[in-house]
Amino acid sequence: MTEFSRRKFLATAGASAIASVFLKGCIGNPPSAADLSPKAVALNLSSDQKPETTTVKLGYIPIAEATPLIIAQEKGFFARHGMTDVEISKQASWGSARDNVEIGSAGGGIDGGQWQLPMPHLISEGIITKGNRKIPMINLLQLSTHGNGIAIANQHSGQGIGLDVSPAADYIKGLQGTASRPFTAAHTFPKVNQDFWIRYWLAAGGIDPDKDIKLLAVPAAQTVANMRTGTMDAFSTGDPWPLRIARDDIGFMAVLTSQIWQFHPEEYFALRRDWVDQHPQATKALMKAIMEAQQWCDKPENREELVKIVAARKYFNVPPEVLRPPYAGKYQMADGKPDINDPMMGPLYWKDGRGSVSYPYKSHELWFLTESVRWGFLPEETLNDAERIINAVNGEKLWREAAQEIGVPAADIPKSTSRGVEKFFDGTEFDPANPRAYLNSLAIKRV
Ligand code: CA
C-alpha cells in the first residue's frame, strides 16, 4: 500500500475506529475526547501545492498562543497539507527561541515558529542577534489574540490594583526609595509585547515603568517562585501562567490584555526568509494547516478536546482544570473587580470582534514599532523607516494566497493591510495613518 492510499484507508476506516473506541470505553477504559475526534484527512495535492519538503522545525513556548501549532500537529492538519514531518519544539525561553532561529534547523536550531512582536523585525534588522547579524524573517500570520494577563502578588491585595491602576499609583510609587524595595514586575523577554502590555497599563494609570518601579525579564518559573517568596510583585505573560499563580493562591489576576486593548495583536507565526524562499509551497502548506487549526480552535465544541491536548505533559504540562476557564473566557478577577465570563474575552484564534485574527496586518506591526519608539527601544527615526522594515518582514501576500487555496470565503479575507484606528481602554487611539499623533497623545514616554 502506498503512503497515500494507506492514509486514505485509515481515513475511511475512521468510523469503525470510533466504534471500537466506544467499545473500549464500555469495558472500563473511558476514551478521551482526543480519541473520539479523527485526525484530518490527507489531501491529494496538485503539483503547484505539493510542498518542496515534508520537514520543518518550529519552536513554541507552552502558553495559549502556541495552541494552533500544537493543534495543527496533533489533529493532523500539517500532514493533511503534505507536511508529514513537522517537529514542534518546546523552547526553554524566548531567548532560546531567538538563539535557535539564528542557527536554523541545519545547525540544530529551528526554522521559525511562535514569536512575540516585534521579534521577527528585531531579528531581521539584527537588533537582538549575536554580533547584530541580520537574519531576515517573514511574519506570516497571527496565531492568537487575548489570552495574556497581569498577575499581582497577594501582598498587594486591597490596594485597588485593577484595569485602572491609578487609584493604586501612589501606593506603588511609594514603595520606591523607601526602606523596602521598589515594586518589581517581570515579563518574559524585553522590548516585545508582554513588556509592552504591562508598560501600557502602568503608564495609563500614571506610573512610569522606567522610573517608578523595577521592570525586568525573568523566566516564568523563576517569577512564580519569586512571587511565592515575596520578592516579585507582578507578572505579565500568557495563559496559563497568571491562572496558575491565582490557583496556587500566590497572587491574583489584576487585568487581562483583552481589557487593555480588546482584540489586540498578540503572537505570530514567522519563519526565516531563507527557508520561505527555498520552500514557498511548504510555507503555504504550513500556513494552511495553521489556519485550519485556528478555525478548529475557535469552534466551541472543540474547546474541551483542545484543553486535553494542550494540557498534556509534553505541551503545557498543567492539569486541564487550570485551562478550562480561560479557554471559555472565564477569569476570576480579584481586589473587588467583577469576574469575567465572556468567550470573546478569552483566547481567540481565527476571528474576533474586529474580523480576522490570523491576518498579519501591517498596521499592527507599525504599532509595535511605534511603541518601541515610545519606550526608547528603537530610535525615533525608525518611524521614517517603518515602511521598509515592515514591507521586508510582512507576509500578507502569502497569507492571502494560502487562504484562497483552502477556500476561505472572500468576506473573511481582509481587504486592507490596515485594520484602521485602534482604541485602548483609557480612550487613547492609535491611527496607523499617523503614529506620531499617538505618541504625542501619551503622557509617559521616552521620546
Ligand atoms: Ca503573549
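Let me start with two strands: S1, residues 55-60, and S2 pair in the parallel sense over six bridges. Two strands count as paired if DSSP finds at least two bridges between them. Strands (E, at least two residues) and helices (H or I, at least four) are DSSP runs, numbered from the N terminus. Within this pair, Lys57 stands opposite Glu87 in S2.

A word on the source. This is a predicted model, where local features need pLDDT of at least 70 and side-chain atom pairs count only at pLDDT 80 or more, while totals for chains, interfaces and linings use all residues. Residues are numbered from 1 along each chain as its sequence is written, and side-chain values use heavy atoms, with hydrogens and water left out.

Now the sheet. Five strands form an open sheet in the order S2-S1-S3-S10-S4, with mixed pairing. Strand S2 (85-90) and strand S4 (137-142) are at the edges with a single partner strand each, so one side of each has no neighbour in the sheet. Neighbouring strands here are turned by 30° against each other on average, direction ignored. Axes are lines fitted to C-alpha atoms, for helices over the stretch in contact, and angles run from 0 to 180 degrees between N-to-C directions.

Six of the six residues of S4 are buried, so S4 is largely enclosed by the rest of the structure. Buried means under 20% relative accessible area, exposed over 50%, and partly exposed in between, with a 1.4 Å probe and protein chains only. Helix H14 (residues 280-298) lies across S1, S2, S4 and strand S10 (267-272), and runs at about 25° to S4.

At 0% relative accessibility, Leu58 counts as buried. Leaving aside neighbours within four places in sequence, Leu58 has contacts (heavy atoms within 4.5 Å) that include Val86, Ile88, Ile110, Phe269 and Leu271.

Next, the metal. Which residues coordinate the calcium ion? They are Glu65 (OE), Asn148 (OD1), Gln194 (OE1), Glu266 (OE) and Glu267 (OE), at 2.1 to 2.4 Å. Donors are N, O and S atoms within 2.8 Å of the metal, or 3.2 Å for Na, K and Ca; water is not among the atoms, so sites may look incomplete. Along the chain, the donors follow the spacing E-x82-N-x45-Q-x71-E-E. Asn148 in strand S5 (residues 148-153) and Gln194 in helix H9 (residues 193-204) link distant parts of the chain, 46 residues apart. Both Asn148 and Gln194 are buried.

Last, the backbone. Two peptide bonds to proline are worth checking on screen. Leu117 and Pro118 are joined by a cis peptide bond, omega about 0°, and Pro118 lies in the loop between strand S3 (112-116) and helix H7 (119-124). The bond from Asp239 to Pro240 is cis, with omega near 10°; Pro240 is in the loop between strand S8 (234-238) and H11.

Then the positive phi angles. Lys191 is not a glycine, yet has a positive phi of about 70°; Lys191 is partly exposed, at 38% relative accessible area. Asp249, also not a glycine, has a positive phi of about 60°. Asp249 sits in the loop between H11 and strand S9 (251-256) and counts as exposed at 58% relative accessibility.
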